[in-house]
Amino acid sequence: MTVNVTSADWYALAPISIVAITALVVLLADLFAPKHVNRYLAIVLAVLGIVVAATDCKAAYAHDFAAFGGAFIVGGFSVVFQEIILIAALGSVVLYGAIGKDDRIAGAIALMLWSACGAMLMAGAGSLMTIFLGIELLSLALYCLCGLADRPTAREAAFKYLILSSVASGFMLYGMAMLFGASGSVALADLTNPVLASNPLLWIGGGLFLVGISFKLSLVPFHAWSPDVYEGAPLPVTAFMSVATKAGTLAVFARFVYAAMPSGVADRLLLPIWIVAGISMIAGNVGMLAQHDLKRLLAYSGIAQIGYMLAALAGGTALGMRYAIFYLAAYTFMNLGAFAIAALISDDAEQGSRLANYRGLAQKSPAAAALMTVFLLALAGLPPTAGFLGKILILSTTASAGYVWLGIALIVGTAISLYAYAKIIRAMYQRDEHAHTHAAHPFVPLAWASAIVCCVAVVVLTFVPPALRDVLPLVR
Amino acid sequence: MLVLSLVLVPIVAGFVLLVLRNENPVMSRTVGALVAAFTFGAAIAAHGQEWSYRWLTRPFVASFHIGDTAISYWLVLLLAICTFCAILAASVPRQRAFVGQMLLLEGAMMGLFLARDLLLFALFWDLMLLPVFFVLLGWGEHVATAWRYFIYNFAGGLFLLLATAAFGALYGSTDVIGRSDVHLAGAWVPWIFWGFAVAFLVKTPVWPLHTWMPLTYSDTPSPMVAVVSAVQSKGGLYGFIAIGMAFMPEYVKAYAPILIVLGVISLLYGAFVAVTQNDAKRVVAYSSLSHLGLIVVALASLNATALQGALIYMIAHGLFSAALFLVLGFVESREETRSLVRLGGIGATNPRLAGALCIAALAALGLPGLAGFVGELIILTGIFQAGLTWAAILALIPIVLASAYMLRLFQGIMNGPQVPDLPVRRDLGWLEGLALAPLVLALVVLGVNPHALTTFDTGAYNAVATTLQGGTR
Amino acid sequence: MLPMSVPLIDYVALSSVIFFIGVAGVLVRRNPLIVLMSIELMFNAANLLFMAFARAWGNNAGHIFAFLVITVAAAEAAIGLAIVVTVFRTARHVDVDDVSLMKG
C-alpha cells in the first residue's frame with residue numbers, strides 16, 4: 001500500500017498543528033516576558049491560538065476527507081468533536097487566571113494544549129495507530145498536569161492516574177494488536193470485512209479494546225480512578241479532563257461502533273457496554289450523594305453523564321449520534337461553567353472545591369450562586385437548560401431503538417441525582433448568619449466571562465438546538 | 001405576538017426585579033401588580049391567538065406553540081387575577097426578590113396553560129416548580145419542606161418527561177395540545193398514560209401522593225401559597241383534561257375505577273383530617289385535598305356534565321382558596337401565629353377582616369350564591385348521571401364536613417373571647433382590601449351567574465366532550 | 001508471504017503469557033517501580049504480537065506500530081519515574097498501598 005502524502009493531508013492536520021505550535025509559543029513567550037505579566041500573556045496567547053484553531057477547524061465541516069491514507073479523517077464528525085475539545089481547552093485555560101502559581105502557568109497551559117492535541121487526534125483517528133497516539137498524547141500530558149500542584153493529593157492523583165490509565169492503555173494496545181492480527185491492517189475501515197465476524201481474534205481484540213475504552217470513559221467497573229484523580233488534580237486540569245478525555249474517547253468509541261465492525265457483531269459485542277452504561281447511570285448518581293467535594297461530586301456525575309451519552313448511541317442510529325453529540329456539547333458547557341464558578345471562589349488552596357464553602361454563597365455573591373444554580377439544574381436535566389432537552393432527545397431515541405431499559409435507567413438515575421444537585425443549591429441559598437464562604441476573588445474577569453458564556457450557551461442550546469447534520473463517523 | 005407576551009413579560013419582569021439592586025417594597029409591589037394586571041388584559045385580548053415557532057423536527061416534531069384553548073383561557077385569567085391579588089397582598093422581608101419569584105412563577109404557569117406542545121408543557125411544568133422551591137428555601141419555615149416539595153414534584157416531572165418522550169417517539173409529534181384528531185394506540189400507551197397520570201396526581205395532589213402538600217402550604221408565605229394552591233394545583237387537572245382525556249380516552253375509561261377510588265379516598269381523608277388540624281393554613285391545605293379529590297372523581301366519571309362542573313369548580317376553588325390563604329396571611333402577619341388554639345376574638349376588633357374570611361369560608365363550604373356551590377352541584381349531578389351513585393353519596397360526606405371545618409376555622413380565629421396577650425392591630429387596610437376585592441367579586445359573580453363560564457364560549461368542551469363520548473362508547 | 005519457522009500460534013501464546021505476567025505484576029506487586037515495569041511488559045507483549053502478525057500478513061504497518069509503542073513507552077516511563085519520585089520522595093520505603101489520602 002503506497003500512500004501519497006499531499007499538502008491536503010497536512011491541511012487536515014492544521015488545527016492540531018496550530019494548537020501544538022501555540023503551546024510552543026506560550027513556552028517561549030514565558031521565557032522572555034517580564035514576571036508580572038507572564039500569567040496573562042500565557043493565557044492570552046493560548047486563547048488566541050485556540051480561537052484560530054477553532055476557526056480553521058470549522059472549514060472541514062461537510063468536506064469529508066481521509067488524510068494520510070485514511071489514518072486521519074476529517075469531516076462533520078471530527079469537526080464537532082474537535083470544536084468541543086477546543087471549547088474545553090478554552091474554558092479550562094482561562095481558569096488559570098484565578099488559580100495556580102505564576103511561574104508554572106505557562107508550562108501547565110502548554111501541557112494542556114498538547115493534551116488537547118491528543119484528544120483532537122482521537123476525534124479524527126481512522127486507524128488503530130492514530131487512536132493509540134492520540135490517547136497517549138492526551139494521557140501523558142494529563143499525568144504531568146495532575147501533579148502540578150503543591151499538594152500531596154495532587155501527586156497522589158498523578159500517580160494513580162498514571163498507573164491505572166497505563167494499565168488500561170496496555171489492555172487497549174493488546175486488543176489493537178489482536179484486531180491487527182484479525183484484519184491484517186491497522187485501518188479501522190478494514191475491520192468491517194464480513195469475513196471477520198467469525199474470527200475469534202476480532203472478538204477477543206474488540207473486547208480488550210472496549211475494556212480500555214470503558215476505563216478511559218470511567219464506566220462503572222473501571223470508574224474507581226476518576227473520583228480520586230478529579231479530586232486531587234488542580235481545578236483547571238479537572239475541568240479540562242472531565243470534558244476532553246470524554247470527548248476524545250467518545251469519538252473513538254463512536255467511530256468504532258458506527259463504522260468499524262463487521263455487520264452482526266455489534267449487537268453481541270456491544271451489549272456489555274450498554275449494560276455497563278445503564279449501571280453507570282445509577283451508580284454514578286448514587287455515588288454523588290455522599291460527596292463533600294465538588295470535583296469528586298462532578299466526577300461521579302460525569303460517570304453518570306457518559307452513561308447517558310452512550311445510551312444515545314445504543315441503537316446505532318444516525319439520530320442517536322446527533323443526540324450524543326448534542327448532549328456532549330451541553331455537558332461541556334455546564335461542566336465548564338460549574339468549574340468556572342468553583343474557580344471564582346477559590347485561590348490556590350481551591351476553596352471552591354469544598355462543598356462546605358458553598359453555604360450561604362447567595363448572600364456573598366448572588367450572581368455566582370445564580371449561575372451555579374443554572375449549571376446544577378442543567379446537570380440534573382431540568383429546564384430551561386440544554387440538559388433537559390438533551391435528556392428528552394436521548395430518551396426518545398433510545399426508546400425507539402428498542403433499549404427501553406436504558407431509558408428507565410436514565411430516569412431512575414436522574415431522579416437520584418436531583419437530590420445531590422439540589423443539596424448544593426439548598427446550601428447556596430441557605431440563610432446562614434455565620435456564612436464562612438470564602439469571599440469571591442476580587443477580580444477574575446476571565447472566569448466570570450467563562451461562566452456567563454457557558455450559562456448563555458446552556459440556555460440557548462435548549463431553544464435553538466443546532467441541526468448537526470452530517471456528523472456520522474466515516475472510516476474511509 | 002401578544003399571546004407570547006403573556007409568558008415573556010412576567011418572566012422578564014421577574015428577572016429584572018431579581019437582579020435589581022435597590023430594595024424598594026412599594027416599587028416592587030407596583031411593578032408586580034402592573035405586570036399581573038397587564039397579563040389579565042392581554043389574556044382577554046389575546047384570546048384565540050396563536051404563536052408558533054418550530055423547535056425540533058427530529059426525533060419528533062415539536063414547536064414553541066403558544067395559544068389558549070377554551071379551557072385554559074379560564075385558567076389563565078384565574079392565574080392573572082390570583083397573581084395580581086397575591087402581589088398586592090405581599091408584605092414580606094426582601095420584597096423585591098419575592099415579587100420577582102412570584103412573577104417568574106406566573107410566567108412559568110402562563111407557559112404551562114398556554115403551551116400547545118407537550119414538550120413545551122413538560123418544560124414549563126418543571127420550570128414552575130423552581131420559584132416555589134426557591135421561595136421555600138429563602139422564606140419558608142423549614143428547609144425539610146423545600147426538600148419534600150422538590151423531590152415529590154420533580155419525581156413527578158420526570159415521569160412527565162418520560163411520558164412526553166414516549167409520546168413523541170410513538171406519535172411523531174408533540175405539537176398536539178388542543179387538537180381533537182390525535183389518538184394514541186399501541187402497547188406502550190398504558191405506560192405513557194401512567195407516566196402522565198403520576199405527574200398529575202402528585203401535583204394535584206391525590207392521596208397517597210399528597211404528603212408534600214400540607215407542609216408546603218403551611219410553610220410557604222401566604223401570597224405564594226395562594227397562587228400555588230389556587231392555580232398550580234390546577235396544572236395537574238388541566239393536564240389530565242387536555243392530555244389524558246383528549247388523547248387516551250380509552251385508558252382513562254379503563255383506569256377510571258382506580259382514579260375514582262383515589263379521588264374518593266382523598267376527598268374523605270382530606271375532609272376528616274381538616275377537622276382535626278389546629279394550624280389554620282393546614283385546615284385549608286387539607287380542605288384543598290378534599291375539594292380537588294372531588295374534581296378528580298368528576299373527571300374520572302367521564303361524564304360531560306361532571307366535566308363542566310369540574311371546570312367551574314376548578315375556577316371557584318382557585319378563587320376561594322386564594323382568598324382564604326390571603327386572609328390567613330393577613331391574620332398571621334397581625335397576630336404572629338396561625339394556631340387556632342391560640343387565636344380568638346379578632347373579629348370584634350377587625351370586622352372587615354372577619355367579613356373577608358367569612359365570604360371565603362362560605363364559598364369554600366359551598367354556600368348557594370357563591371361560586372363553590374354551583375360547581376359542587378353540577379359535579380354531583382354529573383356523577384349521579386354517570387351511575388356512580390356510591391361515589392356521589394360518599395362525596396356528600398365531605399360537603400357536610402366542610403361546613404364543620406370551615407366554621408371551626410372562622411370561629412377559632414374571629415369569634416370567642418378575645419385573647420389578652422395577642423397583639424391588637426389595625427383592621428384590613430385599603431391595599432389589603434383591594435387585594436381581596438377581585439377574588440370576592442369573582443366569587444359572587446360566578447356564584448350568581450355561572451353561565452359566564454359555561455356559555456361564554458360554547459366550544460369550550462366540545463373537543464374534549466366529543467373524544468370523551470367516543471371513548472365511552 | 002515468507003515461510004515461518006515458528007508457527008504464529010506460538011507467538012500468540014508467548015505474548016499472551018507475557019501480557020498476563022504483566023497484568024499479574026500490576027495487581028500483585030506493591031513496589032511502584034515493579035508496577036511500572038509490569039506495565040512495560042504489557043506493552044511489549046502487544047509489540048511481540050504486532051511483530052508476529054506483521055510478519056504473518058506481510059504488512060509492515062505492524063512494525064511501525066511497534067516502533068511507535070516503544071517510543072510512547074519510553075515517554076511514559078520517563079514521566080512515570082518522575083511522578084514516582086515526587087510521590088515517594090519523602091517516604092522511607094515505597095509501597096503503592098501508602099498512596100491513599102483519598103478514598104473512593
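Biologist: How many helices and strands are there in chain C?
Modeller: This is a predicted model, in which local features need pLDDT of at least 70, side-chain atom pairs count only at pLDDT 80 or more, and totals for chains, interfaces and linings use all residues. Residues are numbered from 1 along each chain as its sequence is written, while chains are lettered from A and ligands numbered from 1 in the order in which they are written. Helices (DSSP runs of H or I, at least four residues) and strands (runs of E, at least two) are numbered from the N terminus. Along its sequence chain C follows the pattern α-α-α, and the count is 3 helices and 0 strands.

Biologist: Which chains share the most contacts?
Modeller: Two residues are in contact if their C-beta atoms, placed from the backbone, lie within 7 Å. Chain B and chain C do not touch, and their nearest C-alpha atoms are 27 Å apart. Of the 2 pairs of chains in contact, the one with the most contacts is chains A and C.

Biologist: Which helix gives the most to the side of chain A that touches chain C?
Modeller: The contact takes 34 residues from chain A and 32 residues from chain C. On the chain A side, α6 (128-146), α7 (152-183) and α9 (225-232) each supply at least two residues. With 18 residues, the helix that gives the most is α7(A).

Biologist: Are α2(B) and α3(B) roughly parallel or roughly antiparallel to each other?
Modeller: Helix α2 (residues 25-45) and helix α3 (residues 70-89) of chain B pack with their axes 8 Å apart, at an angle of about 165°. Axes are lines fitted to C-alpha atoms, for helices over the stretch in contact, and angles run from 0 to 180 degrees between N-to-C directions. Angles under 35 degrees count as roughly parallel, over 145 as roughly antiparallel, 65 to 115 as roughly perpendicular and the rest as oblique. The two helices are therefore roughly antiparallel.

Biologist: How do the residues of the contact of α2(B) with α3(B) divide?
Modeller: The contact includes Ala36(B) and Phe40(B) of α2(B), with Ala80(B) and Phe84(B) among the residues of α3(B). Ala, Val, Leu, Ile, Met, Phe, Trp, Tyr, Cys and Pro count as nonpolar, Asp, Glu, Lys and Arg as charged, and the others, Gly among them, as polar. The division is 12 nonpolar, 3 polar and 1 charged.

Biologist: What distance separates the end C-alpha atoms of helix α18 of chain A?
Modeller: The expected span of a helix is 1.5 Å times one less than its number of residues. The 19 residues of α18(A) (445-463) should therefore span 27 Å, and the distance between the end C-alpha atoms agrees at 27 Å.

Biologist: Which residue is joined to Thr204(B) by a cis peptide bond?
Modeller: The loop between α7 (189-203) and α8 (212-219) of chain B holds Pro205(B) and also Pro208(B). The bond from Trp207(B) to Pro208(B) is cis, with omega near 5°. For the bond from Thr204(B), omega is about -15° and the partner is Pro205(B).

Biologist: Does Ser218(A) count as buried or exposed?
Modeller: Ser218(A) lies in the loop between α8 (200-216) and α9 of chain A, and has a positive phi of about 55° although it is not a glycine. A residue is buried if 20 or more other C-beta atoms, placed from the backbone, lie within 10 Å of its own, exposed if 12 or fewer, and partly exposed in between. Because Ser218(A) has 25 C-beta neighbours inside 10 Å, this residue counts as buried.
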